[in-house]
Amino acid sequence: MLPQTIDRPWVVRASTMARNTCNLIRNIVENIQVAPNPNKKFISLSLGDPTAFGNLTPPDELLQAVRDSIDLNESRCYGPTNGDFIARQAVAEYYAHHGKISPDDVILCSGCAHALDLAITVLAEPGQNILVPRPGYMLYQTIAEGLGIVIKYYNLLPDQNWEVDLKNLEDQIDDKTAALILLNPSNPCGSVYTEEHLTDILRVSLKHRLPIIADEIYEHFVIFENKFTSVAALSKDVPILVCSGLTKRFLVPGWRMGWLVIHDRQGTFNVEIRKGLRNLAGRLLGPNKLMQCALPKILTSVPKSFFRGMMSFIENQAILACEELERAPGLRPMLPQGAMYMMIEIKMSMFPAFRNELEFIERMYSEQSVLCIPGQCFQFPNYMRIVLTVPEHILREACMRIQTFCRDYIMKENHIN
Ligand SMILES: Cc1ncc(COP(=O)(O)O)c(C=O)c1O
């Protein structure tokens, strides 16, 4: 007999993990209270999706590889928990220049976000902490805090190409620190680290025996004379989990094809970490088999000219945005070295009516219908981030409107007619 429940109310609680999980960018941007100006077409410079405007399309070779995959029976079957062997082998070969990597060092993931989730989950316990860059991509926090892992920020230096403040990094390390997250090239900064700087970071990591989680989703996304080097290619002693995928470089964010590559050093990861990663992959949340079967062709058939074309587009956009925004009083655009973003300092003392950059951005949105991401989404107030992948004429129009907004505000502030 079931107990009499008629008078007992339902109480269904969300789990602690669900309650503690928060995506800061989504929360701030989706809670913007003002509406855009109905007389001006809305321009979003906020979304880090290079395909959002349809001006950048994936290479034909990639599309053909996925079409071919549809016809394969094995693209419809379940696969191994860590991913299809041939696809993992293709990833291992793709990274051969990083040192010796075998298919067993690769786990296929549902986007880079999933790889980050595996890396953080395998390395840190609830109550331990991980070090993340400020400003930086906020998904690390979203993943960690849900699991009860504490986030500690280390500072980047805006006037030194957003390099890591090494002293500040070291100051954050304590006996509960489980890993260091390194983001290169960076979202939101657009920075690309030199080999020398990466070597300095490795030195800190080695001294404190801290494994690195390298978020390299913008690998090879470099402009001007900059060169991308993976920290894994430089590491002799520090064990590293590299997280990456097709998302940005191949322009298919929605296809969720990512991977985690284990760069073991001194057998550090052999004992438990490999097994832990296999266990976590057993939750079966990995990428679909259709993409896995297409991966070997994708990684070998796309011509270099495709990537060169995309980088020269980003380079021109960065120059355009920087030149236009330098004319906006009160703003300091920071020319990026890579990725697909630009950070802009807002000299808040010139805009005294706004208590913070979010209010500045909200007003600009309501008057000019241009939306940028406030720095507080990256734990870095007084800055805003724009995306450079929008079509050129739209970027130009947006920059003009930002200029107009700043000029009008400063003229009003100074009562100039
Ligand atoms: C720095 C960084 N890491 C990871 C991701 C997530 O990548 P994916 O879409 O492949 O999960 C993003 C997405 O914008 C990103 O900017």
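1. A polar contact here is a pair of N or O atoms within 3.5 Å; within protein, one must be able to donate a hydrogen and the other to accept it, and residues adjacent in sequence count only if both atoms are side-chain atoms. Please keep in mind that this is a predicted model, in which local features need pLDDT of at least 70 and side-chain atom pairs count only at pLDDT 80 or more, while totals for chains, interfaces and linings use all residues. Residues are numbered from 1 along each chain as its sequence is written, and side-chain values use heavy atoms, with hydrogens and water left out.

2. A polar backbone atom of Ala-113 sits 2.8 Å from an oxygen atom of the ligand. A nitrogen atom of the ligand is 2.6 Å from a polar side-chain atom of Asp-215, and for Tyr-218 a polar side-chain atom is 2.8 Å from a ligand oxygen.

3. Finally, a look at Ser-349. This residue lies in the loop between strand S11 (341–346) and helix H13 (357–368); helices are DSSP runs of H or I with at least four residues, and strands are runs of E with at least two. Ser-349 counts as exposed because its relative accessibility is 68%, the cut-off for exposed being over 50% (1.4 Å probe, protein chains only).

Definitions and conventions:
Buried means under 20% relative accessible area, exposed over 50%, partly exposed in between (1.4 Å probe, protein chains only).
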